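Please look at the sequence and the model below, and then read how the chains meet one another.

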Amino acid sequence: MSNEIFTLHVNGEARPVRDSWLGENLLDVLRDRLGLMGSKGACEQGECGSCSVLVDGHLVCSCLVLAASAVGQQVVTIEGVAPVGTPSDVQQAFVDAGAVQCGFCTPGLIMAVHDLLERTPDPDGTEIREELAGNICRCTGYGRIIDAVQQVALARRTDRSGA
Amino acid sequence: MSIIDRPTSTGPRHGALGTSPTRPDGVAKVQGTFEFSSDISADGCLFGATLRSPHSHARIVSIDLSAAWKISGVQAIVTAEDVPGQLTYGLISQDQPVFASDIVRYVGEPVAALAADDPEVARRALDAIEVTYEVLPALLDPELAISGEFDPIHPDGNVIRYQRIVHGDPAATGEIVVEGTYEIGMQDQAFLGLEAALAIPDPGGKGIEMHVATQWLHEDRKQIAACLGFAEEDVRLVLGGVGGAFGAREDISLQVHCSLLALRLGRPVRMAYSRAESFLGHVHRHPATIWMRHHATADGSIVKIESRMVFDGGAYASTSSAVLINAITLAQGPYRCANAVVDGWAVRTNHLPCGAMRGFGAVQACFAYESQMDKLAAACGVGPLDIRLLNAMTTGDVLITGQPVLNVAPVEECLRETDALPLPDEPVGGHVRTDGSVDAMKLPGGAGRTADAGDIVRGIGWGVSIKNLMYSESFDDYATARCRIEGGPDGPTVFLKFATAEVGQGFVTLAPQIARSVLGIDRVELDQIDTQVGSAGSTSASRQTWMSGGAVNAACELVRSLIFEHVAALHGCSAGDLFIDHTDVVDPRTGRRFDVAEACVGVSFDETAVYRHPATSEIDENGQGNCHTAFAFVAHRAVVDVDPELGLVKVVQIATAQDVGVALNPLSVMGQIEGGIAQGLGMAVMEEIIQVDGVIRNGNFTDYLLPTFLDMPPVVATLIEQPDPLAPLGAKGVGEPPCISSTPAIVAAIRDALAQAGIDAPLNRVPVRPGDICLL
Amino acid sequence: MPVLFPTTVDEATTALAAHPESMLLAGGTDAMVGINDGHHRPGATVISVNRIADLRSWRHDPGAGTLTVGAGVTYTELMHHSIAGLVPALAEASRTVGSPQIRNAGTLGGNLGTSSPAGDGLPVLSALNAVVHLAAAGSTRNVDVNDFMVGVKRTALEPGEIITGVTVPVVDGWQGYAKVGVRNAMVIAVASTCVVVDRTRRTIAVALGSVGPTILRCPEAESFLAARLDWDSLIASDADQAEFGRLVSAASQPITDHRSTADYRRHAVGVLARRLARRAGAAS
């Protein structure tokens with residue numbers, strides 16, 4: 001095992017990484033080397049979306065990113081979405097709509113929903129389902145989550161129209 | 001008198017019972033700061049890993065640790081000979097070894113564990129341990145376990161439990177007879193929060209503290225202490241954040257292994273399972289084969305039920321005995337039935353061990369009896385809804401165990417209210433778009449674009465079920481809670497302490513609601529969930545709202561009595577007259593109101609209560625006895641679009657009316673309904689652990705398929721609120737019913753769709769696979 | 001540092017020549033699964049090809065009637081209207097891949113490099129007789145995609161070579177892709193079919209995924225339908241569509257595994273082929 005030293009840009013900060021090994025994935029580096037425990041691992045295969053982060057603005061599964069290959073890219077994790085104690089509108093909507101039960105899938109879903117609404121501000125029900133199909137939730141059955149997304153979309157539309 | 005009897009001036013205030021306040025851990029969860037057990041660490045901790053058997057049945061000839069010890073960074077290795085206390089554990093019988101010593105009985109059985117400086121070293125060291133096995137013939141056919149033709153694979157024998165039920169006249173017959181043999185595959189709980197624990201040994205090594213995600217802190221403690229040779233009070237458990245449970249955490253998994261390593265080293269040890277290991281590391285839903293025969297009168301009234309149920313418990317007993325009892329005692333479903341003969345076996349094989357999963361035996365029985373009800377309907381020329389209404393149970397009716405159902409039993413209301421819910425307004429494929437196309441995502445096959453709207457047929461199916469709440473067969477089922485009030489400069493705060501495992505279901509939301517309603521104080525905090533208070537029992541069997549809710553209610557009522565005495569002494573009224581209305585203490589004799597917060601200035605009350613439900617009985621050799629505590633009911637109607645040629649399905653809508661007693665937090669109830677239905681959908685069409693010769697073939701999320709956003713339909717629900725007089729808060733548990741009759745409703749809808757296409761597909765097995773539909 | 005980030009194809013092939021044992025990494029959606037479960041280790045060096053601008057672009061050549069797609073183009077990008085308009089089956093296939101997370105990372109080059117018979121883009125490339133562009137230090141070569149995929153996860157890639165892109169014809173006619181999985185999203189194909197109807201050449205191409213050691217073509221079915229199709233309307237009779245489906249089934253070589261049975265796979269590709277032929281007629 002070699003002592004890798006490389007620097008990742010995470011949530012706007014340069015973060016040196018020590019003691020990694022060449023094949024280590026970004027999720028493990030974020031959690032075990034950088035102390036950013038918000039992203040979760042549940043499948044090691046990119047099937048559940050719990051580890052979702054943004055790399056250069058693209059939503060990806062961090063468990064499938066070779067950490068050392070993300071050098072020079074901008075990584076945004078759940079910790080970078082909003083300061084602790086002041087949740088984003090998406091985060092607050094999840095809480096208000098009952099879209100959180102055990103919460104393990106939640107950080108990855110928050111990332112995916114933020115990404116979805118950036119690209120498609122007014123998604124219909126089917127679009128929401130297709131774009132979030134990469135995030136598995138075992139507790140909620142998805143109903144309250146879809147409600148949360150629609151509430152945010154509506155609130156943002158209302159804000160935009162100044163109503 | 002229960003809180004629901006007290007008059008209130010207006011509806012409940014926000015945060016009290018009957019409203020939907022947000023969960024107290026919600027912001028932490030959405031911001032990623034909530035600590036799950038896999039997020040917990042300690043300075044200087046080492047990493048544990050488990051070596052598992054690759055064989056379903058083998059004798060261990062030798063274990064050679066020498067190569068593993070040579071790897072730099074390996075700190076400790078333990079095997080069976082290092083277990084200081086009891087060598088075996090288990091929820092009902094302690095038949096499961098901490099580590100296999102002479103025989104391994106399933107693929108994945110733990111043989112050794114080690115601790116190393118980091119997980120990579122641990123993984124490499126596991127590969128270096130050399131175990132020599134002598135492979136033995138595996139017992140894989142449950143019938144061989146029953147017939148006695150296969151030598152016992154365990155000293156306790158190959159039959160974990162046999163139980164017969166004979167009720168009424170076993171020789172009764174009916175003019176109409178329908179029968180079938182039904183198979184239910186092995187479902188996995190597949191919680192997302194993988195198993196993880198942190199064990200911190202006490203200095204001196206005479207005790208240990210463990211942070212772990214589990215369903216029952218005190219039962220874990222009992223088993224861990226026994227295996228470590230410690231007194232229970234020397235094992236302190238703290239609930240780590242739980243990422244879902246659904247039954248899989250009722251048995252211990254890594255707890256003793258992690259503790260042994262930590263105690264051996266005198267240093268904290270963390271263990272965490274990967275998904276592949278998790279599939280091996282916890283119990284699963286019992287696969288079952290159920291033969292059933294219904295006798296009925298010409299109009300469809302059930303006369304007699306006969307059934308033979310075989311549950312494959314796998315290598316170790318876990319809760320197989322109780323699962324079987326649920327299945328056979330609920331074999332009649334939520335229907336009146338005067339006569340029954342049921343034989344049930346839970347057997348031991350060299351398959352993966354099975355135990356608790358949401359529904360706990362009722363799921364398997366329900367698929368059988370609901371499939372039968374549709375056959376009965378067809379044989380009598382009656383519709384699926386009508387056959388169920390005709391036979392629907394009501395309060396006072398008797399199970400085939402002879403036990404009267406004393407709870408509210410609104411089976412007919414569940415059916416009628418479900419029927420009243422509107423069917424989906426969109427046709428197959430959704431509304432046609434202006435360009436004449438339909439959205440492929442709305443068709444079965446989804447993103448794969450396998451069909452056009454004309455290839456699809458829509459069907460409707462029904463399911464209705466009964467589930468027993470809490471534990472049965474004279475189990476001493478209780479819960480404990482502690483309520484204290486501390487006055488402060490900004491007013492009083494209620495502190496609640498309980499050992500109730502929050503696994504996502506929302507007890508941490510409900511408990512403060514209870515306190516707010518009972519005490520009239522809005523600020524409620526929860527103390528750490530750990531073993532420093534009495535047991536709350538398991539978060540399972542849909543029991544916590546009733547049991548832990550009952551305990552919190554009782555503890556709060558004790559404190560409330562103290563408040564009343566305090567107010568009575570201060571203001572010269574009679575404590576026994578006082579009641580709480582919103583945030584006031586009210587004296588009805590004078591109409592005087594006292595603000596609760598002011599009344600609590602300077603007080604410090606502290607009460608602990610234990611809530612027990614009335615005792616239940618054992619059942620005799622004919623399965624007769626009042627062995628269950630309480631019952632809840634639910635109906636489901638499924639609308640499913642089917643591609644008959646490719647066998648692909650899309651569930652379009654699930655409608656349901658569920659008997660909830662009182663909706664103490666309507667949003668939480670909806671969450672349980674939708675989440676449970678998703679698991680029922682998974683069981684119906686996609687979830688199954690596939691074992692070949694005892695080896696799991698799909699122990700990963702690529703091949704063990706969970707329903708995605710595109711698989712799960714909208715749910716329309718009506719809550720049937722008939723407060724149950726036997727429940728401490730009027731509320732029944734709601735977690736399990738949603739996953740029980742949703743499965744047969746979906747399968748019935750598929751059969752209905754195929755029937756419309758002129759195809760008679762029996763679909764006697766769940767999960768239904770495409771070939772079951774299109775290759776007949 | 002053992003991760004190299006070439007920015008040109010030349011830099012990449014030079015690095016590969018200098019470190020022949022290194023692992024080429026594009027999106028990582030296949031490679032990292034193997035590394036995460038311990039089956040595979042990256043060795044001493046990783047060459048990340050994600051920073052090579054040439055691999056991240058695509059180019060339409062109207063004169064030649066072709067589209068050249070760089071090996072680093074992601075599935076999300078393949079769904080872009082500028083590709084979807086020219087090669088709709090490729091966009092359709094991309095939409096069936098995993099999830100947005102997987103589509104944002106997974107690449108066509110990676111799909112080719114892995115060459116699983118279940119690779120979603122591969123039946124489309126096969127049906128279009130795509131040309132695979134390879135480069136090594138100081139040399140390039142082109143290989144027909146059907147010669148490039150030689151077996152289960154085996155390709156004709158030589159040591160020192162990287163995949164730089166594929167060129168596909170822009171076909172006048174109709175094309176479509178369909179894939180069967182047990183649930184409605186995020187599935188590994190249990191069976192997949194791509195049909196390309198080329199009005200100019202009056203040829204039919206059918207390529208099958210997940211029913212053989214590699215992507216299979218169906219020459220008998222192709223010539224059958226080409227002879228029976230009305231080339232103006234692209235409509236074939238119901239009976240001809242059915243026979244087309246039967247011939248496609250007969251050309252499949254499926255196995256039974258934990259995902260599905262041979263019988264089902266054989267049946268499914270036939271149904272998909274028939275329906276795709278029907279869609280061709282309905283679209284025109």
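## Chain A against chain B

In this predicted model, the contact (heavy atoms within 4.5 Å) takes in 53 residues of chain A and 57 residues of chain B. Within chain A, Q101(A), R129(A) and R138(A) lose the most area to chain B, together 19% of what that side buries, where buried area is the accessible area (1.4 Å probe) that two parts lose on being put together, summed over both. For chain A and chain B that area is about 4,300 Å², and carbon and sulfur atoms give 60% of it.

The rule finds four salt bridges across this interface, each a side-chain nitrogen of Lys or Arg within 4 Å of a carboxyl oxygen of Asp or Glu. In a salt bridge of 2.7 Å, N to O, the side chain of R138(A) meets that of E687(B).

## Chain C against chain B

Here 30 residues of chain C are in contact with 37 residues of chain B, and the two chains bury about 2,800 Å² between them, 48% of it on carbon and sulfur atoms. R183(C), N184(C) and R275(C) supply 28% of the area that chain C buries against chain B, more than any other three residues.

Between chain C and chain B the count is 10 salt bridges, and the side chains of R275(C) and E645(B) meet in a salt bridge at 3.2 Å, N to O.

Residues are numbered from 1 along each chain as its sequence is written, while chains are lettered from A and ligands numbered from 1 in the order in which they are written. Local features need pLDDT of at least 70, side-chain atom pairs count only at pLDDT 80 or more, and totals for chains, interfaces and linings use all residues, while side-chain values use heavy atoms, with hydrogens and water left out.
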